[in-house]
Amino acid sequence: MLNIIGLQTLISREIQRFSRVFIQSLISPWISAFLYIVIFGVVIGGRIEMIGDYRYIDFVLPGLVMLNLIQASYQQGAFSLYMHRFQGSIQEILVAPFSYMEMLLAFLGAAILRGIIVGMGVYMLALLFTSATMAHFFLFVFYAIAVAFIFSCVGLLMGMWSNNFEQLNILNTFVIMPLTFLGGIFNSISMLPEKAQIFVRLNPFFYFVDGLRYAMIGVRESNAVGGFVMIIILASGLAVLLWYLFSRGWRIKG
Amino acid sequence: MDALEIQHLSKSYRNNKAVDNISFSIQQGEFFGFLGQNGAGKTTTIHAVTGINTFDSGIIRVCGIDVVKDYKQARTKVGLSGQEFNVDIFQKVEKILWFMAGFYGMTKQARATRIEELLTIFELHEHKHKTFRELSGGLKRRVMIARAMVHDPELLILDEPTAGVDVELRHDMWKYLKKINSEGKTILLTSHYLEEVEYLCSRIAIIHKGKIIAVGDKDEFLKDGKNLEEKYLELTKNI
């Protein structure tokens, strides 16, 4: 039987843990995003011609929302689990009557929530400078939750695998950040040489950013079905892998 | 029914056999001492019982419930005060207890009542708004035991609960543990203070290099006029 009160408590504790350091977990990404919006969207963007029918700030905003949503959900998953392992407080959870699925749901729930809060905060900040349209609301919700889910899973996997803070940051520094920036946050794929476009189309982050951009401003450069299928495969594959590792106690049990 | 039943438990870390085919049981209401030097396998055994460790082979039952097959139910029966401070050190005392009680499915009302009781018993009222890292060693131990008891478990496991605790508090703790044991609580205690084990426990097991080398009533250990420390050294000396 589902330990509902336990699950609620574990999620609320994880939320309390990231709220306790809200300057780092929430304010800091919002300030960075604000600066991106002002500099790239308003100052530089004002000198860039329209991309299709859209102002540069409107074109770049979905990518900024996605960038921050990815970072926040990844960091919550990775740092939360790693810190529990590092402090030994993972034992509090292991001795309690939680199934592995409940543990996983709690960690994922908190990480997805942090990703969504940060992403929504960026969107609200953008309203100061642009109308920040929403062409397809339900698609927006789908992309936001699905991508937050994927990166919460990736973060938890890194939180399980890492043995020190340096390892914890490896994936973000060498994979997530470069691929996000190269995934079309600041530019349309049509601005790139043809050969470079092939590489961009192999980058899954391009589909995340492009999907959210379609949901927000109604313009799309990727194959919608391909992107959708890739997200579903990634999300389910990561969830199964994570559940398997959790249920074996990989790196969380002695 | 036994409060704890361990049959043929083995656990290795790579090539090191930490626990080697051990078996023993603890009857309900017993105060059981589990002795052994550092690295003998005490904590590994306790972690296997509580789900912190996996184990390679054997069967563990808590109040008749298999800790692998019915692990969720088994865990409701056990409370653990670990040897290490395995807690979020930035969390406030009251919150540590609050969250732990919630993990065990206690309603908010039940949690509030129970936490109030525990804060009184362990004299933690004035410290309830302090973070764990702000507490002294003795207070930290009290919080750990209070946390282990928050769901009123049938089997309370105390892994070196008085390490780093001053004499006064240790005696207060002994008094309290005696009291709850006399009320029916089963307690498994590990300690390097053998006079503590001698004073509190009615039955004792000694684990040495991963194997149980002696288990029996305390009186059997003390029958030739030696105290527990002398007997312990004698038993472990030549193995």
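Modeller: The contact takes 25 residues from chain B and 21 residues from chain A; two residues are in contact if their C-beta atoms, placed from the backbone, lie within 7 Å. This is a predicted model, in which local features need pLDDT of at least 70, side-chain atom pairs count only at pLDDT 80 or more, and totals for chains, interfaces and linings use all residues. Residues are numbered from 1 along each chain as its sequence is written, and chains are lettered from A in the order in which they are written.

Biologist: Which element gives the largest share of the side of chain B that touches chain A?

Modeller: Helix 3 of chain B does, with 4 residues; helices (H or I, at least four residues) and strands (E, at least two) are DSSP runs, numbered from the N terminus.

Biologist: How are strands of a sheet read?

Modeller: Strands of a sheet pair through backbone hydrogen bonds, either parallel or antiparallel. In chain B, 6 strands form an open sheet in the order 6-7-8-3-9-10, with mixed pairing; two strands pair if DSSP finds at least two bridges between them. Strand 6 and strand 10 of chain B stand at the edges, each with a single partner strand, so one side of each has no neighbour in the sheet.

Biologist: How many bridges join strand 6 to strand 7 of chain B?

Modeller: There are 4 bridges, and the two strands run parallel. B:Leu80 has B:Ile157 in strand 7 of chain B as its bridge partner.

Biologist: Where do side chains point?

Modeller: In a regular strand the side chains alternate between the two faces of the sheet. From strand 6 of chain B, B:Val78 and B:Leu80 point one way, B:Gly79 and B:Ser81 the other way.

Key:
Buried ≥ 20, exposed ≤ 12 C-beta atoms within 10 Å, placed from the backbone.
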